[in-house]
Amino acid sequence: MTHISGDYYEGEWKDDQASGKGKYVHEDGTKYNGEWKNDKQDGKGIEIWPDNSKYEGEYKNGLKNGIGKFTWGDGSTYTGNFVDNNINGNGIYTWSDNRKYEGNWVNNKMEGKGIFNWPDGRKYDGNYKKDKKDGFGIFEWNDGRKYKGYWKDGKQHGEGEYYNPKEKIWKRGMWKYGKRIKVYK
């Protein structure tokens, strides 16, 4: 069936609605191939956009819901849970420059417990709030330095401990928005 806009659907029908397996092509080139129910994407399917972005996974009532993998045109990927077209729940996001976050998401933002790895060997294992380090976490640099303590708005903030591999000792202290303001003996 071809719509006046130029979009078209090929596939199974039930009660004059797309139901079962079918393919929908939008006039802008976006394509969906998969399962349908009551004229909406429902079940497993693959959607491809003109910029080569691609989603392969579960749909419910026309929206990405359940487990899926989204690949952006630049090569970045997310594999995990989706709720109403948003990244929600547990998943792994890998950027095109090989940074990687594995953990919890809420409405497309890192939220809760997660582990972030950088290609140069740096690593953060801790809590996030709205895409920023927040709460307790451990940051490791690729030269062996470590910070374990509290974070706020992406910066060390509150009590923490800093390890310097050259001195081979831990120093406890107090941080305020990324700056150490006090060292405890």
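## A buried glycine

Let's start with Gly137, which counts as buried because its relative accessibility is 0%, well within the cut-off of under 20%. Keep in mind that this is a predicted model. Gly137 sits in strand 12, which covers residues 132-140.

So who surrounds Gly137? Setting aside neighbours within four places in sequence, Gly137 is in contact with Tyr124, Asp125, Gly126, Tyr147, Lys148, Gly149 and Trp151. Take Tyr124 from that list: Tyr124 and Gly137 are 13 residues apart in sequence, and their C-alpha atoms are 6.9 Å apart in space.

## A buried charge with no partner

Now have a look at Asp42, part of strand 4 (residues 40-48). Asp42 is buried, yet has no salt bridge. The nearest side chain of opposite charge belongs to Lys60, 4.2 Å away.

Leaving out neighbours within four places in sequence, its contacts are Tyr32, Glu35, Trp36, Lys37, Tyr59, Lys60 and Asn61.

## Salt bridges

How many salt bridges are there? The count comes to eight. One of them joins the side chains of Lys21 and Glu35, at 3.8 Å from N to O. Lys21 is in strand 2 (residues 17-25) and Glu35 is in strand 3 (residues 31-37), so this pair ties together parts that are 14 residues apart in sequence. Lys21 is exposed, at 55% relative accessible area, while Glu35 is partly exposed, at 28%.

Another salt bridge links Arg145 and Asp143, at 2.9 Å from N to O. Arg145 is partly exposed at 26% relative accessibility, and Asp143 is partly exposed too, with 43%. Then there's Glu159 with Arg172, whose closest N and O atoms are 3.8 Å apart. Here strand 14 (residues 155-164) holds Glu159 and strand 15 (residues 169-176) holds Arg172, so the pair ties together parts 13 residues apart in sequence. Glu159 is partly exposed at 38%, and so is Arg172 at 41%.

## A positive patch

Which residues make up the positive surface patch? They are Lys109, Lys129, Lys130 and Lys152. Lys152 belongs to strand 13, residues 146-152. With a relative accessible area of 34%, Lys152 counts as partly exposed. Patch members need over 30% relative accessible area, so Lys152 passes that part of the test.

Technical notes: Residues numbered from 1 in each chain as written. Predicted model: local features only at pLDDT ≥ 70, side-chain atom pairs only at ≥ 80, totals over all residues. Heavy atoms only, no water. Patch = residues over 30% accessible without salt bridge, like charges linked within 9 Å, V, L, I, M, F, W, Y side chains within 5 Å. Areas by Shrake-Rupley, 256 points an atom, 1.4 Å probe, with all protein chains shown as cover. Salt bridge = Lys/Arg side-chain N within 4 Å of Asp/Glu carboxyl O. Lys, Arg positive; Asp, Glu negative; His and termini not counted. Charge placed at Lys NZ, Arg CZ, Asp CG, Glu CD. Helix = DSSP H or I, 4+ residues; strand = E, 2+ residues; numbered from the N terminus. Buried < 20%, exposed > 50% of the residue type's maximum accessible area, 1.4 Å probe, protein only. Contact = heavy atoms within 4.5 Å.
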